Amino acid sequence: MTAVPSLDEDMEQGLTEAGPSDGLAGPAVRRARAWLSRAAEPGSVVFWRFVEDAGPVEAVRRLRSGRAPDLVRALAGARVEQDASLEDLLRAERWGARLVVPEDDEWPAHLLHCLTLATTEEPDDPRRQSPRATAPVPPLGLWVRGPARLDELADRSVAVV
(Lines give C-alpha, C1' and ligand atoms only; values in the text may rest on other atoms or scores of the structure.)
Protein backbone atom coordinates (compact mmCIF):
# COMPACT_ATOMS: atom_id res chain seq x y z
CA MET A 1 0.00 0.00 0.00
CA THR A 2 1.46 3.36 -1.02
CA ALA A 3 1.13 6.43 1.13
CA VAL A 4 -1.05 9.22 -0.22
CA PRO A 5 1.05 12.37 -0.58
CA SER A 6 0.00 15.37 1.45
CA LEU A 7 -0.92 18.56 -0.34
CA ASP A 8 2.41 20.11 0.64
CA GLU A 9 4.34 17.07 -0.67
CA ASP A 10 2.40 17.23 -3.94
CA MET A 11 3.17 20.94 -4.28
CA GLU A 12 6.88 20.34 -3.65
CA GLN A 13 6.86 17.62 -6.33
CA GLY A 14 4.93 19.93 -8.65
CA LEU A 15 7.76 22.45 -8.69
CA THR A 16 10.14 19.91 -10.20
CA GLU A 17 7.58 18.19 -12.43
CA ALA A 18 8.09 18.66 -16.15
CA GLY A 19 5.11 20.15 -17.95
CA PRO A 20 2.85 17.66 -19.71
CA SER A 21 3.14 17.38 -23.46
CA ASP A 22 -0.39 16.08 -24.08
CA GLY A 23 -2.29 19.26 -23.20
CA LEU A 24 -3.27 18.01 -19.75
CA ALA A 25 -2.30 19.64 -16.49
CA GLY A 26 0.01 17.62 -14.28
CA PRO A 27 -1.36 16.12 -11.06
CA ALA A 28 0.18 18.81 -8.86
CA VAL A 29 -1.36 21.62 -10.92
CA ARG A 30 -4.79 19.98 -10.87
CA ARG A 31 -4.60 19.37 -7.13
CA ALA A 32 -3.39 22.94 -6.54
CA ARG A 33 -6.33 24.35 -8.48
CA ALA A 34 -8.75 22.04 -6.62
CA TRP A 35 -7.37 23.40 -3.34
CA LEU A 36 -7.43 27.01 -4.55
CA SER A 37 -11.06 26.67 -5.66
CA ARG A 38 -11.97 26.13 -1.99
CA ALA A 39 -9.49 28.60 -0.52
CA ALA A 40 -11.22 31.80 -1.63
CA GLU A 41 -14.89 31.66 -2.49
CA PRO A 42 -16.21 33.66 -4.18
CA GLY A 43 -13.26 34.51 -6.36
CA SER A 44 -11.73 37.94 -6.27
CA VAL A 45 -9.58 40.07 -8.52
CA VAL A 46 -6.74 40.09 -5.97
CA PHE A 47 -6.80 36.30 -5.52
CA TRP A 48 -7.03 35.59 -9.26
CA ARG A 49 -4.12 37.92 -10.01
CA PHE A 50 -2.04 36.28 -7.28
CA VAL A 51 -2.62 32.81 -8.78
CA GLU A 52 -1.94 34.07 -12.31
CA ASP A 53 1.31 35.74 -11.26
CA ALA A 54 2.65 32.96 -9.02
CA GLY A 55 1.19 29.95 -10.83
CA PRO A 56 -1.18 27.55 -9.06
CA VAL A 57 1.44 25.34 -7.38
CA GLU A 58 3.53 28.23 -6.07
CA ALA A 59 0.35 30.09 -5.00
CA VAL A 60 -0.63 27.13 -2.79
CA ARG A 61 2.90 26.87 -1.38
CA ARG A 62 2.98 30.58 -0.52
CA LEU A 63 -0.47 30.54 1.05
CA ARG A 64 0.23 27.45 3.15
CA SER A 65 3.63 28.74 4.31
CA GLY A 66 2.34 32.22 5.18
CA ARG A 67 4.36 33.89 2.41
CA ALA A 68 1.39 35.16 0.39
CA PRO A 69 0.48 38.85 0.54
CA ASP A 70 -1.62 39.79 3.57
CA LEU A 71 -4.73 40.55 1.54
CA VAL A 72 -4.56 37.18 -0.23
CA ARG A 73 -4.00 35.35 3.07
CA ALA A 74 -6.98 37.19 4.55
CA LEU A 75 -9.19 36.01 1.69
CA ALA A 76 -8.27 32.38 2.42
CA GLY A 77 -8.48 32.81 6.19
CA ALA A 78 -8.68 29.58 8.19
CA ARG A 79 -9.19 27.55 5.00
CA VAL A 80 -5.44 27.80 4.39
CA GLU A 81 -4.97 25.05 6.99
CA GLN A 82 -7.65 22.79 5.50
CA ASP A 83 -7.25 20.39 2.62
CA ALA A 84 -9.98 18.38 0.93
CA SER A 85 -8.47 18.64 -2.56
CA LEU A 86 -7.67 14.97 -3.01
CA GLU A 87 -11.06 13.93 -1.64
CA ASP A 88 -12.76 16.41 -4.00
CA LEU A 89 -10.91 15.02 -7.02
CA LEU A 90 -11.63 11.40 -6.06
CA ARG A 91 -15.29 12.14 -5.31
CA ALA A 92 -15.65 13.83 -8.69
CA GLU A 93 -14.08 10.83 -10.40
CA ARG A 94 -16.55 8.47 -8.69
CA TRP A 95 -19.41 10.61 -10.03
CA GLY A 96 -18.04 10.74 -13.56
CA ALA A 97 -16.80 14.30 -13.18
CA ARG A 98 -13.42 15.98 -13.35
CA LEU A 99 -11.74 19.31 -12.79
CA VAL A 100 -10.86 21.11 -16.01
CA VAL A 101 -8.19 23.77 -15.47
CA PRO A 102 -6.68 26.53 -17.63
CA GLU A 103 -3.61 24.35 -18.26
CA ASP A 104 -5.78 21.76 -20.06
CA ASP A 105 -6.13 21.96 -23.83
CA GLU A 106 -9.93 21.69 -23.48
CA TRP A 107 -10.15 24.85 -21.34
CA PRO A 108 -12.70 27.18 -23.06
CA ALA A 109 -10.33 30.14 -23.06
CA HIS A 110 -12.06 31.95 -25.91
CA LEU A 111 -15.38 31.96 -24.04
CA LEU A 112 -13.78 33.12 -20.79
CA HIS A 113 -11.63 35.76 -22.45
CA CYS A 114 -14.13 38.51 -21.65
CA LEU A 115 -13.76 37.72 -17.93
CA THR A 116 -9.98 37.77 -18.23
CA LEU A 117 -10.12 41.16 -19.93
CA ALA A 118 -12.53 42.54 -17.34
CA THR A 119 -10.29 41.32 -14.52
CA THR A 120 -7.15 42.82 -16.02
CA GLU A 121 -8.97 46.17 -16.40
CA GLU A 122 -9.87 46.30 -12.70
CA PRO A 123 -7.88 48.93 -10.75
CA ASP A 124 -4.84 47.81 -8.76
CA ASP A 125 -6.20 49.35 -5.57
CA PRO A 126 -8.46 46.67 -4.00
CA ARG A 127 -10.64 49.41 -2.47
CA ARG A 128 -11.60 50.55 -5.99
CA GLN A 129 -12.24 47.08 -7.42
CA SER A 130 -15.64 45.54 -8.06
CA PRO A 131 -17.23 43.88 -5.01
CA ARG A 132 -16.25 40.22 -4.61
CA ALA A 133 -19.84 39.05 -5.05
CA THR A 134 -20.10 40.67 -8.49
CA ALA A 135 -16.49 40.89 -9.69
CA PRO A 136 -16.03 39.52 -13.21
CA VAL A 137 -13.31 37.01 -12.33
CA PRO A 138 -12.40 33.97 -14.46
CA PRO A 139 -12.73 30.65 -12.66
CA LEU A 140 -9.63 28.90 -11.32
CA GLY A 141 -11.08 25.64 -12.62
CA LEU A 142 -14.38 24.18 -13.73
CA TRP A 143 -15.88 20.98 -12.34
CA VAL A 144 -17.38 19.15 -15.30
CA ARG A 145 -19.45 15.98 -15.39
CA GLY A 146 -19.21 13.68 -18.39
CA PRO A 147 -16.49 12.62 -20.79
CA ALA A 148 -16.99 15.15 -23.59
CA ARG A 149 -14.43 17.90 -24.12
CA LEU A 150 -15.46 21.12 -22.43
CA ASP A 151 -14.23 23.36 -25.24
CA GLU A 152 -16.40 21.49 -27.75
CA LEU A 153 -19.52 21.61 -25.59
CA ALA A 154 -19.20 25.14 -24.22
CA ASP A 155 -20.53 26.91 -27.31
CA ARG A 156 -23.94 25.29 -26.93
CA SER A 157 -24.19 24.67 -23.20
CA VAL A 158 -25.42 26.16 -19.97
CA ALA A 159 -23.48 25.97 -16.72
CA VAL A 160 -24.75 26.17 -13.18
CA VAL A 161 -22.22 27.84 -10.90
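Helices here are DSSP runs of H or I with at least four residues, strands are E runs of at least two, and both are numbered from the N terminus. This is a predicted model, where local features need pLDDT of at least 70, side-chain atom pairs count only at pLDDT 80 or more, and totals for chains, interfaces and linings use all residues. Residues are numbered from 1 along each chain as its sequence is written, and side-chain values use heavy atoms, with hydrogens and water left out.

Start with Arg33. It is found in helix α2. Buried or exposed? Arg33 is buried, at a relative accessible area of 3%. For the cut-offs, buried is under 20% relative accessible area, exposed is over 50%, and partly exposed is in between, with a 1.4 Å probe and protein chains only.

What does Arg33 touch? Leaving out residues up to four places away in sequence, its contacts include Val51, Glu52, Leu99 and Leu140. A contact means heavy atoms within 4.5 Å. Glu103 is also among the residues that Arg33 touches.

That brings me to charge. Side chains of opposite charge can pair when their charged atoms come close. I call it a salt bridge when a side-chain nitrogen of Lys or Arg is within 4 Å of a carboxyl oxygen of Asp or Glu. How many salt bridges does that rule give? The count is 18.

Arg33 and Glu103 form a salt bridge, 2.8 Å from N to O. Arg33 lies in helix α2 and Glu103 in the loop between β1 and α7, so the pair ties together parts that are 70 residues apart in sequence. Glu103 is partly exposed, at 33%.

Next pair. Arg31 forms a salt bridge with Asp83, with the closest N and O atoms 3.0 Å apart. Arg31 sits in helix α2 and Asp83 in the loop between α5 and α6, so this pair ties together parts 52 residues apart in sequence. Arg31 is buried, at 3%. Asp83 is partly exposed, at 28%.

Now a pair within one helix. Glu58 and Arg62 meet in a salt bridge at 3.1 Å, N to O. They are four residues apart in helix α4, which means they are separated by about one helical turn. Glu58 is buried at 14%, and Arg62 is partly exposed at 30%. Both belong to a network of salt bridges that links Glu12, Glu58, Arg61, Arg62 and Arg67.

On to helix α3, residues 45–54. Eight of its ten residues are buried, so α3 is largely enclosed by the rest of the structure. Among the buried ones are Phe47, Trp48, Arg49 and Phe50. What do they pack against? The buried residues of α3 pack against α2, α4, α5 and α7. Just after α3, Gly55 takes a positive phi of about 90°.

Last stop, Glu106. It lies in the loop between β1 and α7. Glu106 is buried, with a relative accessible area of 9%. Its side chain makes a polar contact with the side chain of Arg98 at 2.8 Å. A polar contact is a pair of N or O atoms within 3.5 Å; within protein, one must be able to donate a hydrogen and the other to accept it, and residues adjacent in sequence count only if both atoms are side-chain atoms. The side chain of Glu106 also reaches the backbone nitrogen of Leu150, at 2.7 Å.

That's the tour.
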